[in-house]
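Please keep the sequence and the structure in view while reading.

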Amino acid sequence: MIMKLFKRFSPIWFSVILIWIKTVIVSFIGFNLHPENWTDILFMLLSPIGAIMVIFGFNIYFKRKVKPAAIFATMVILTGILFGDLLYYRFYTDFVTVPILFQFKNVGGIGPSTLELISPWDLLLFADLAVFWLFYIKRKSVHEQITAKSKRFYTAVSVLFVFMTIILGMVKVPHLFSESYNRQQLVKHIGLYQYHLYDIGIAASYPLNRAFASPSDAEASAEYVQSQEDKPSDYFGAAKGMNVVLISMESTQNFVINQKVNGQEITPFLNSLIEDSFYFSRVYDQTAQGKTSDSEFMIDTGLYPLSSGSAFVRKTENAYRSLPHILSDEKYYSAVFHGNDASFWNREAMYDSLGYNRYFSKADYVVTEENSVNYGIKDIPFFQQSIQHLGKLQKPFYARFITLTNHFPFLLEEEDQFIPEASTSEMVVNRYVTTVRYQDEAIKTFFQDLKASGLYENTMFVLYGDHYGISDKYEHGVLELLGQEDTIVNRMQLQSVPLIIHVPGVEGKTFSNIGGEIDIRATILHLLGISAEDNFSFGHNLFTRDPHHPVIFRDGSFMAKDYFYKAGKCFNSESEEETDITSCEPLMDISRKELGLSDDIVHGDLMRFME
C-alpha cells in the first residue's frame, strides 16, 4: 500500500515537500526567527518554497526523465547547507555568507568545538534522506518520464512563489534589500535558500564597486563625517607624546569586571587598574563576521566592519587613513604583537596596507606544545617574550598586543587556572571564567615587566574587549551567573565590552555614557592631542560623545540614550519597554546612512580619493 503511494507520488514533489518541512521547522526552532504576527508566520511558511523548487528544478529543466539519484544528491546538498547554517547560527547568531566561506580557516568556534554545537536532535535533519533512499533509491524506482506540460507547470509555480515572496517582502519591509546586512530580516522574508542565492549575486557584484567608483562618490561620505564634529574636553592632549600600547583582550565581555565567583574576583588586576584609569562601562561590541580583525579594523580606520566576511581578508589592497598613518606624521613607530601565524586573518598583508612598520608574529616567539593552548602561545609567555621586542622599538611607538588564551571553547590546563570554574548549568560559561582570570593575570605580569623595564611611565595603555566571548547559545549561563532574568534588554547589555584607558599620573574616572568600539580611535587621538580634522572617521570622542547619537551594530540594530532597536523592535531605554517603531525611525535612518556610507568607502576603495 505504502509503496503504491510512493510510486504514484513524483520523487521531485516529494523531495520539495520534505526539504520545505524541515527548513520551516529549523527556521522556527533552530534560527529563533520569532514571528511577531500572522504575516511573519505566513512569510516563514511560504518563503522557502520558491527557491527550493527552483533548485530542484535543475533536475528536470533540461532532461526528459526524473532521476531519483540526482534528486537525492540535491537533497543532500540542501541539507548540508541547512545544517551548516544551523551550526554557524548556534555560535554566531548569524548566517553563513559567501565571503566567510573563503576565510573559514579563520573562524573561531566552529572548528575546535563542533561537537559542542551539535545536538542529538540534529539527526532528525537527515531522516528524510533515509526515507527517500529507502523508497526511491534502494528499491530502484524507474526514472519518471516528465512531459513538457509538467515542466511548464512546475516552472510557473516555482517562479510565482519566488517573485511573490520578494514582492510581498519588499511591501512589508521597504528597506529589505538596502538593509541586506540584517540577515535575520532577509531570511525571514525571502527564505534561507533565496537569501543564499541573493548573497551569491551580491558577492559577485563587489568587484564592480571599485571599478566604477569616482572622486564624487567620496564627497557624500566626507561631507557627512565633517558635519559630525565632536566637542572638545579637558582631556585633550592628556597623553601627548606618550607611547601607546593597545591590548586586545580576546572575547572579553564587560560583565566579568568587578564580578566574583565563589567569593573570588574574576579580574582582580583590571578591577584595581580601573581605579586609576578612564573606564568606559558602556562600550559595545560592534564586530561582525571578522570578529577580532573587525575590532582592529574599526580602531585603526574609524570605519564600520563589513557585514559579510572581513575587510582583513577581502580589502587588503584598499587605501586607508589609519592610526599608524596618522601617528607616523607625529614620528610614531607602529608595531603589532600576536602569537599566531602571520597569515591568520590575512594580517601580514593587511598590516602593510594599514601602515604598520613591524609585525611580530608566531615566528618571533618561542612557541612549544607546553606553552600553547587553543590558537597559539598562552598569554603569560606571550607578554613575557614580547618585552624584549618592545624595548627595542623606536620611540615614541604605537604597539598593539593581541591576546589568545581566552578563546572559545575556553580550554585551560589545571595548573594555569587561578580561579575555580563557575558552577552554572552551562560548561562553556564555567570554563570562560578560568580563561578570563588567566588573561587578567597575564596582563598583570605584563604591567609589572613594563615597570621593571622603564617603559611604563611614558606610555598610555588602552585595554579593550575585542568582541563577545559567550554567544547567544550560551548566554543563559551568563544570566544565571549574574542572577538576571532572560530578557532582550539583559541580553543586549551583555554585548558591552570593557574599555580601560590608563594614563600614568592622570587621575582616573568612570564614564557611563554609551559608545562603541568604533569610537576608540577618536578617543585615543583626543588624548594624544591630535585634531580630528582630516582624520576621516565615523567614530566619536567618548569623553564628549553625543548620547543621542546611536551606537550602531552591523545588523542595523542600535543603542542610544532614549531608545534602542533590536530584532525589529523599538524599546524605551529608560523603561526598557517596547514602544512604537516610529520612535526609532529617525535613528534607524542614521544607522542606514552610516552603514551605507562606510560600505561605499570600503567596497569602492574611496579613501584613495581622499588623500
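The text below moves from the whole chain to a sheet, a helix residue and some backbone features.

The model is predicted; local features need pLDDT of at least 70, side-chain atom pairs count only at pLDDT 80 or more, and totals for chains, interfaces and linings use all residues. Residues are numbered from 1 along each chain as its sequence is written, and side-chain values use heavy atoms, with hydrogens and water left out.

**The chain as a whole**

The secondary structure of the protein chain comprises 22 helices and 20 strands; helices (H or I, at least four residues) and strands (E, at least two) are DSSP runs, numbered from the N terminus. For 611 residues, a compact globule would have a radius of gyration near 25 Å, and the 26 Å of the protein chain agrees with this. That radius is taken over C-alpha atoms, and the globule rule is 2.2 Å times the number of residues to the power 0.38. The C-alpha trace spans about 85 × 60 × 50 Å along its principal axes.

Of the 611 residues, 58% are buried, where buried means under 20% relative accessible area, exposed over 50%, and partly exposed in between (1.4 Å probe, protein chains only). The accessible surface of the chain is about 25,600 Å², and carbon and sulfur atoms supply 57% of that area. Such areas come from the Shrake-Rupley method with a 1.4 Å probe; for residues, only the protein chains shown count as cover.

Among contacts with a separation of 6 or more, 75% are between residues 24 or more positions apart; contact means heavy atoms within 4.5 Å. The chain carries 52 positive and 70 negative charges, whose mean positions are 13 Å apart. Lys and Arg count as positive and Asp and Glu as negative, while His and the chain ends are not counted. Each charge is placed at NZ of Lys, CZ of Arg, CG of Asp or CD of Glu.

**An open sheet**

An open sheet is built from five strands in the order E16-E17-E18-E19-E20, with antiparallel pairing. Strands E16 (551-552) and E20 (578-579) stand at the edges with a single partner strand each, so one side of each has no neighbour in the sheet. Two strands pair if DSSP finds at least two bridges between them. Strands E18 (residues 563-566) and E19 (residues 569-572) are joined in the antiparallel sense by four bridges, and Phe564 has Phe571 in E19 as its bridge partner.

**A buried serine**

Helix H8 (residues 148-172) contains Ser158. Because its relative accessibility is 0%, Ser158 counts as buried. Leaving aside residues up to four places away in sequence, Ser158 touches Gly50, Met53, Val54 and Tyr61. Gly57 lies 101 residues from Ser158 in sequence, yet their C-alpha atoms are 8.5 Å apart.

**Backbone features in loops**

| Peptide bond | Omega |
|---|---|
| Lys395 to Pro396 | about 0° |
| Phe408 to Pro409 | near 10° |

Pro396 is in the loop between helix H17 (379-391) and strand E11 (397-402). Pro409 belongs to the loop between E11 and helix H18 (427-453).

Where does Asn262 lie? Asn262 is in the loop between strand E4 (260-261) and strand E5 (264-265). Although Asn262 is not a glycine, its phi is positive, about 55°, and with a relative accessible area of 58% the residue is exposed. Glu576, in the loop between E19 and E20, also is not a glycine and has a positive phi, near 60°. Its relative accessibility is 42%, so Glu576 counts as partly exposed.
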